[in-house]
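User: I am new to this structure. Please show me how to read it, feature by feature.

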Amino acid sequence: MKAAVLRGELSKLYRQRSTYAGVVVIVGLVALVAWGSHHQRDRLDVTQAVPSEFVVAGKTITALFLAHAVMDPSLLVLMPLLVAVVAGGLVAGERQTGTLRTLLVRPVRRSGVLLAKLVAGWSYAGGLTLLLGATALGLGQFVFGWGDLVILRGGLTIFDPRLGLIRLAEGYALAAVAMGVVATLALALSAIFDNAMTAAGLAVAGLLVSSVVGAMPYFEWLRPYLLTTHLTFYRAIFDATIDHAELALSAAWLAAWVVALVAIALVVFGRRDVTC
Amino acid sequence: MMAAAEAVIVTRGLSKRYGRVRAVDGLDLTVPRGSLFGFLGPNGAGKSTTIRMLTGLVRPSAGEAQVLGAPIARRLALGARIGALVEEPAFYRHLSAWQNLGLLASLSGGVARAQIADALEAVGLSDVAHRAVGTFSHGMKQRLGIAQALLPRPELVILDEPASGLDPEGMAEVREMLLGLRERGMTVFLSSHLLAEVEQTCTHVAVVARGQVVAQGEVGEVLQGGAPGVRFVVDDPERALVVLHGVEGVSAEALDGRTVEARADRLDAAALNEMLVRAGVRVSEIVPRRRTLESYYLEAVHASVTQPAATAPEPSDGSEASNE
């Protein structure tokens with residue numbers, strides 16, 4: 001992959017106004033959650049979820065809490081949608097507008113162009129995920145202040161601020177990887193289909209179908225192989241004791257998915273005639 | 001056949017099928033170095049598909065093609081030696097003309113800022129260099145398309161309908177620019193429907209019909225070929241035809257109520273005029289008729305249509321027609 005091709009792809013992506021629609025949505029979502037939490041603090045108080053004999057002293061809703069609380073609602077549907085829309089347009093969008101033709105008559109390898117687009121897609125997916133975390137921490141600090149990270153999942157786990165911040169950084173890093181896999185899926189579909197919205201729509205639809213199938217007992221045997229089973233592997237970071245073997249297995253499955261999707265995209269993109 | 005060393009594009013039996021449709025069907029083409037080559041043909045004849053194959057956008061189904069001595073499968077080895085504008089110019093709408101040129105030229109090894117400025121100046125877009133391309137008219141995009149094809153400084157420029165959408169002034173500028181490129185030693189291969197423009201600018205032409213080259217040659221030779229003609233405006237066309245038919249080797253026909261046209265391999269207009277006058281026909285006007293590229297084109301295309309359709313393409317599903 002030529003450096004010029006990568007620079008070109010990043011330049012095209014980040015000079016496009018529509019790329020920042022996702023940023024607005026993410027910042028808006030975090031702001032709404034922070035605002036809502038601030039005004040309904042009593043109902044959101046985590047101490048309501050533990051037995052009455054528990055005494056929880058100090059602040060429970062903190063910047064760290066907000067950064068964790070926005071993860072699942074954003075990363076399960078909203079972020080994949082935003083990432084799929086951008087990544088789905090990276091090839092199909094250029095095919096629709098004819099710029100793919102302008103690009104490919106230059107002396108560039110198609111594989112190089114596709115890999116540059118993949119890196120651009122990853123950068124967007126990763127950047128948006130990290131922006132989610134940074135915005136939540138920033139707004140959370142402004143509204144609630146600093147404090148422990150309180151996790152309510154299968155019990156109550158409390159991390160001190162330092163460890164909580166480390167876990168959040170690790171969790172968001174893994175979430176960024178997961179969104180990168182979503183970008184890979186959308187890009188592969190973008191190489192196959194001529195329409196950007198078709199590629200994005202199919203990517204999101206594929207994830208939803210995979211989630212539904214994974215939730216059905218009948219398809220339990222299929223669950224370990226499904227992409228959606230491993231996309232939420234960042235959750236394991238917030239367990240009191242991290243199961244590194246489980247994390248490694250999910251990472252390996254995600255890597256396998258990426259390799260397969262990139263291979264398919266390279267073959268299709270490399271062989272397809274550019275007729276529009 | 002031209003020696004390969006003198007040719008920048010050579011195709012032999014080049015073919016492209018889309019399913020059952022033969023878009024290009026055994027195309028043999030030779031484009032001499034330093035020529036300004038006009039590639040002509042009706043809609044759906046296979047011009048754009050040929051250009052797409054030469055520029056690596058489309059894989060041939062069969063046959064061979066060499067560009068600047070390299071097989072098109074190894075086109076990347078040629079680097080920035082080829083510049084191309086394929087069909088409608090397409091650019092990144094949110095980027096300026098300058099940014100588009102910089103981005104595209106960087107993929108061919110990069111250019112100095114002065115070269116981008118020169119290219120924009122050459123196509124008359126200096127004043128709007130930093131405006132987003134999304135605000136450009138079709139003609140402005142066409143000019144920008146030509147500018148990008150000229151960056152960095154290719155040996156061979158392939159242009160698909162370069163004057164499409166331009167106003168008369170723009171077309172004249174493109175014509176001057178093409179002539180200038182040839183003077184600078186570039187070979188220009190262009191497809192066009194504008195036969196008069198091609199006749200004025202090109203040194204060589206090829207006519208493609210039903211996916212095959214049906215005629216090609218130097219423009220000068222092409223225009224000298226065919227039987228020369230002369231038109232007489234007369235008071236009695238019937239008597240004029242009788243006189244002209246009586247001359248050995250001359251064919252004649254009445255074009256309207258006052259005009260007859262005589263054709264012969266060797267035509268002496270003065271002698272024919274003298275015969276007409278002696279026969280009592282009053283001649284008020286004598287107009288020599290020379291062969292035009294349009295007549296050459298139409299003859300070639302019509303001849304291909306009347307030939308046996310052994311290799312004729314099957315009905316198009318529209319995929320090719322939309323590309324032309």
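**Reading the two chains**

Analyst: Start with burial. Of the 276 residues in chain A, 42% are buried. In chain B, buried residues make up 45% of 324. Keep in mind that this is a predicted model.

User: Which helices and strands does chain A have, and in what order?

Analyst: Chain A has twelve helices and two strands. Along the sequence the pattern is α-α-α-α-α-α-α-α-β-β-α-α-α-α. Chain B has ten helices and 14 strands.

User: How do I judge the overall form of chain A? What does its radius of gyration of 21 Å tell me?

Analyst: A compact globule of 276 residues would have a radius of gyration near 19 Å, so the 21 Å of chain A agrees. The C-alpha trace of chain A spans about 70 × 45 × 30 Å along its principal axes. For chain B, the spans are about 75 × 45 × 40 Å.

User: Now helix packing. At what angle do α2(A) and α8(A) cross?

Analyst: Read the angle, the distance and the hand. Helix α2 (residues 21-39) and helix α8 (residues 110-143) of chain A cross at roughly 30 degrees, and their axes come within 9 Å. That makes α2(A) roughly parallel to α8(A), because angles under 35 degrees count that way. The crossing is right-handed.

User: Which residues meet there?

Analyst: From α2(A), they include A:G22, A:V23, A:I26 and A:V27. From α8(A), A:L128, A:L131 and A:L132 are among them. By class, this contact has twelve nonpolar, four polar and no charged residues.

User: How do α5(A) and α9(A) pack?

Analyst: Helix α5 (residues 71-88) and helix α9 (residues 161-192) of chain A pack at about 35 degrees, with axes 8 Å apart. Their crossing is right-handed. The contact includes A:M71, A:L75 and A:M79 of α5(A), and A:G171, A:A175 and A:M179 of α9(A). Its residues divide into 14 nonpolar, three polar and no charged.

User: How many residues does each chain bring to the contact between chains A and B?

Analyst: Chain A gives 22 residues and chain B gives 25. On the side of chain A, α1 (3-14) and α7 (99-104) each supply at least two residues. The largest share, five residues, comes from α1(A). By class, the side of chain A has seven nonpolar, eight polar and seven charged residues.

User: What about backbone geometry?

Analyst: Here is the background. Most residues other than glycine have a negative phi, and most peptide bonds are trans. Now look at chain B. A cis peptide bond joins B:L151 and B:P152, with omega about 0 degrees. B:P152 sits in the loop between α4 (138-149) and β7 (156-160) of chain B.

User: Where are B:L68 and B:E87, and is each buried or partly exposed?

Analyst: B:L68 is not a glycine, yet its phi is positive, about 50 degrees. It lies in the loop between β4 (62-67) and β5 (70-71) of chain B. B:L68 is partly exposed, with 17 other C-beta atoms within 10 Å. B:E87 also has a positive phi, near 55 degrees. Its place is the loop between β6 (82-85) and α2 (97-106) of chain B. B:E87 is buried, with 20 other C-beta atoms within 10 Å.

Note on methods
Residues are numbered from 1 along each chain as its sequence is written. Chains are lettered from A and ligands numbered from 1 in the order in which they are written. This is a predicted model: local features need pLDDT of at least 70, side-chain atom pairs count only at pLDDT 80 or more; totals for chains, interfaces and linings use all residues. Axes are lines fitted to C-alpha atoms, for helices over the stretch in contact, and angles run from 0 to 180 degrees between N-to-C directions. Helices (H or I, at least four residues) and strands (E, at least two) are DSSP runs, numbered from the N terminus. A crossing is left-handed if the near helix is turned anticlockwise from the far one by less than a right angle, and right-handed if clockwise. Two residues are in contact if their C-beta atoms, placed from the backbone, lie within 7 Å. Ala, Val, Leu, Ile, Met, Phe, Trp, Tyr, Cys and Pro count as nonpolar, Asp, Glu, Lys and Arg as charged, and the others, Gly among them, as polar. The radius of gyration is taken over C-alpha atoms; the globule rule is 2.2 Å times the number of residues to the power 0.38. A residue is buried if 20 or more other C-beta atoms lie within 10 Å of its own, exposed if 12 or fewer, and partly exposed in between; C-beta atoms are placed from the backbone. Angles under 35 degrees count as roughly parallel, over 145 as roughly antiparallel, 65 to 115 as roughly perpendicular and the rest as oblique.
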